[in-house]
Amino acid sequence: MHMQNYKSISLAILATILIGTYQILWKIGMINFKPEFISLLTNYPLIIGFFLYGIAAIIILFALKKEDVTIVVPILGLSYFIVTIYAFYFFNEILNLSKII
């Protein structure tokens, strides 16, 4: 495998971790969300989540530039697994076989 492939795959893995992280931050931010403008400006989990969303999108673009979509996108699909693990850890959600599969 060419070195560029390792870089692209590493970028896809990093983006996958960021995807899982921003989704959990969005959930945290929505727990006590109030639909008020000032509340939006002080909701740091939402703000950080949107920032990570943008960073993940840029990283995905760089990964797709050098690697096949059939390699990058399935790696990004692992974000479902990461979110499940985060939900178990942060929200004490029940982890069962149907959520893992």
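Which residues does L76 touch, leaving aside those up to four places away in sequence?

1. This is a predicted model, so please read each point below with that in mind. To take the question up: L76 is in contact with A12, A15, T16, I19 and I60, once residues up to four places away in sequence are set aside.

2. The largest nonpolar core has 14 residues, and I19 and L76 are the members that touch the most others. Three helices each supply at least two residues of this core: α1 (3-31), α3 (44-66) and α4 (69-76). Of these, α1 gives the most, with 6 residues.

3. S79 is worth a look next. S79 has its place in helix α5, and counts as buried because its relative accessibility of 6% falls under the 20% cut-off. Not counting residues up to four places away in sequence, S79 touches T16, I19 and G20. T16 and I19 are also among the contacts of L76. As for G49, 30 residues from S79 along the chain, the two C-alpha atoms are separated by 15 Å.

4. I85 lies in helix α5, which covers residues 79-91. With a relative accessible area of 35%, I85 is partly exposed, because that value lies between the 20% and 50% cut-offs.

5. I85 also belongs to a nonpolar surface patch, together with F81, F88, Y89, F90 and L95. The accessible area of the patch residues together is about 610 Å². So helix α5 holds both the buried S79 and the partly exposed I85.

Conventions: Residues numbered from 1 in each chain as written. Predicted model: local features only at pLDDT ≥ 70, side-chain atom pairs only at ≥ 80, totals over all residues. Heavy atoms only, no water. Patch = residues over 30% accessible without salt bridge, like charges linked within 9 Å, V, L, I, M, F, W, Y side chains within 5 Å. Areas by Shrake-Rupley, 256 points an atom, 1.4 Å probe, with all protein chains shown as cover. Salt bridge = Lys/Arg side-chain N within 4 Å of Asp/Glu carboxyl O. Helix = DSSP H or I, 4+ residues; strand = E, 2+ residues; numbered from the N terminus. Buried < 20%, exposed > 50% of the residue type's maximum accessible area, 1.4 Å probe, protein only. Core = buried A, V, L, I, M, F, W, Y, C linked by side-chain atoms within 4.5 Å. Contact = heavy atoms within 4.5 Å.
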